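Subject: Structure handover

Hello,

Here is the structure, with the sequence, for your files. My notes on it follow below.

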Amino acid sequence: MSSSPDPTVDTTAEEFTDVDDVLARFGEHGYLADQRLATTVFLQSRLAKPLLLEGPAGVGKTQLALSLAEVTGRKLLRLQCYEGQDESKALYEWDYGKQLLYTQMLREKIHDIVDDTDTLADAVERIAAQDDVFFSERFLAPRPLLQAIDSDEPVVLLVDEVDRADEALEALLLELLSEYQISIPEIGTKRAEQLPYVVLTSNNTRDLSAALKRRCLHLFLDYPTPERELDIVHSKQTGLQESVAQRLVEVVRGLRDLDLRKAPSISETIDWARTLAVLGVNELRADVLADTLGVVVKYERDLARAGAALPRLVDPNAVVPEEAHGHGHGHGHGHDHHEGDDPSADGVARRRTKDQPGRHDEAYYKGGPPAPKSVPTGQGGRSFAAGKPRKRPF
Ligand SMILES: Nc1ncnc2c1ncn2[C@@H]1O[C@H](COP(=O)(O)OP(=O)(O)OP(=O)(O)O)[C@@H](O)[C@H]1O
Ligand SMILES: [Mg+2]
């Protein structure tokens with residue numbers, strides 16, 4: 001760990017030859033990326049920059065890092081962030097038990113050191129002179145961030161759900177993200193000899209600092225296009241007929257456009273397809289979907305809203321009460337949806353009022369404005385951008 005690598009020097013160019021190589025290799029490992037995502041991963045490998053993935057739940061943020069490790073054959077080191085987490089769980093801590101064991105085994109030696117001192121103060125001075133021995137690498141217990149820097153092999157470091165960590169931990173990350181180094185006061189600065197691929201994910205429960213964002217390549221992962229979602233479902237070999245899966249993807253997209261608290265994600269589409277396959281469904285009917293709605297919709301009020309919209313989503317000609325009417329895809333409503341569109345302003349405002357002060361606030365269920373009739377822009381953008389309860393004060 002003596003030499004200091006230049007983070008701008010590409011030591012991993014051989015990992016991916018080009019963007020198509022990223023697409024193909026991720027595909028081989030069951031992760032279907034789109035062009036934008038593959039381009040960002042390719043750039044990450046060439047520019048040796050951390051990648052920050054933001055987006056709604058279940059769109060493949062964490063899976064991207066897992067797949068990156070599989071595809072490149074690198075070991076995965078994962079730091080799962082949570083509120084109140086401190087640096088001893090993220091960076092390193094001193095192995096207190098080992099230090100204690102050593103002091104007991106070396107009792108006599110320690111006795112020799114303080115033997116000829118007269119006062120307590122002198123004895124403390126003598127022992128303090130031995131600090132270096134006990135605060136050396138031997139007694140250091142590295143946690144994921146330090147492990148990633150210290151590894152002899154290049155690794156993938158996943159810092160998952162970084163928005164859940166406190167701002168203090170976020171600040172600690174800055175040195176690692178820009179310099180690929182960690183400073184340990186008692187030992188000095190440790191620099192990575194093998195630059196890790198660093199992937200950070202965020203669900204946007206609070207705003208991340210500009211300093212962190214500036215150090216990363218940033219990508220907003222939205223819900224996929226219907227074609228890609230169908231490909232993903234297909235790749236998971238759910239057992240559901242292709243034509244039924246195609247309709248199912250449309251229905252799920254319709255559900256995402258309802259004003260649900262938790263919109264169904266890709267993993268829920270996959271679960272629903274598996275469920276329907278197990279039930280031997282070969283024709284999508286509203287009643288079968290209603291019976292299995294719990295697979296994709298997780299809140300009671302969402303269930304009612306989604307259940308009421310199902311007949312229309314399955315059959316656009318079905319007559320449904322106006323209150324439950326949401327906004328469907330590809331059923332004659334005439335709106336185009338694209339990955340990465342800006343969120344709808346009225347959808348954002350409506351959800352923000354409901355989601356205050358936290359995204360799990362039960363006040364959401366105690367009334368509130370009716371569902372929007374239509375939302376013309378990106379699904380994930382709207383769902384994701386709504387409700388940012390832990391905004392920075394600056
Ligand atoms: N592009 C993709 N290709 C293949 N499978 C995918 C893709 N995106 C998502 N999935 C599937 O969706 C599942 C959920 O993805 P993942 O756990 O990565 O979501 P996430 O964005 O990290 O969600 P959360 O914010 O809740 O942690 C994955 O395990 C995988 O099966
Ligand atoms: Mg995740």
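A polar contact here is a pair of N or O atoms within 3.5 Å; within protein, one must be able to donate a hydrogen and the other to accept it, and residues adjacent in sequence count only if both atoms are side-chain atoms. By that rule, a polar side-chain atom of Lys236 lies 3.3 Å from a nitrogen atom of ligand 1. The model is a predicted one, in which local features need pLDDT of at least 70, side-chain atom pairs count only at pLDDT 80 or more, and totals for chains, interfaces and linings use all residues. Residues are numbered from 1 along each chain as its sequence is written, chains are lettered from A and ligands numbered from 1 in the order in which they are written, and side-chain values use heavy atoms, with hydrogens and water left out.

Ligand site

Taken alone, ligand 1 exposes 640 Å², of which the protein buries 81% (accessible areas by the Shrake-Rupley method with a 1.4 Å probe; for residues, only the protein chains shown count as cover). Around ligand 1 there are 19 residues, the closest being Leu32, Gly58, Lys61, Thr62 and Gln63 (near means a heavy atom within 4 Å). This shell has eight nonpolar, seven polar and four charged residues (Ala, Val, Leu, Ile, Met, Phe, Trp, Tyr, Cys and Pro count as nonpolar, Asp, Glu, Lys and Arg as charged, and the others, Gly among them, as polar).

Sheet

Helices (H or I, at least four residues) and strands (E, at least two) are DSSP runs numbered from the N terminus, and two strands pair if DSSP finds at least two bridges between them. Five strands form an open sheet in the order E2-E5-E8-E1-E9, with parallel pairing. Strand E2 (75–80) and strand E9 (217–220) are at the edges with a single partner strand each, so one side of each has no neighbour in the sheet. E5 (residues 155–160) and E8 (residues 197–202) pair over four bridges, with Val159 opposite Leu200. Helix H3 (residues 61–72) packs on the sheet, touching E1, E2, E5 and E8 (heavy atoms within 4.5 Å).

Hairpin

Strands E6 (residues 181–184) and E7 (residues 188–191) run antiparallel, joined by four bridges. They form a hairpin with three residues between them. Ile184 stands opposite Gly188, and Ser183 opposite Thr189.

Regards

Technical notes. Axes are lines fitted to C-alpha atoms, for helices over the stretch in contact, and angles run from 0 to 180 degrees between N-to-C directions.
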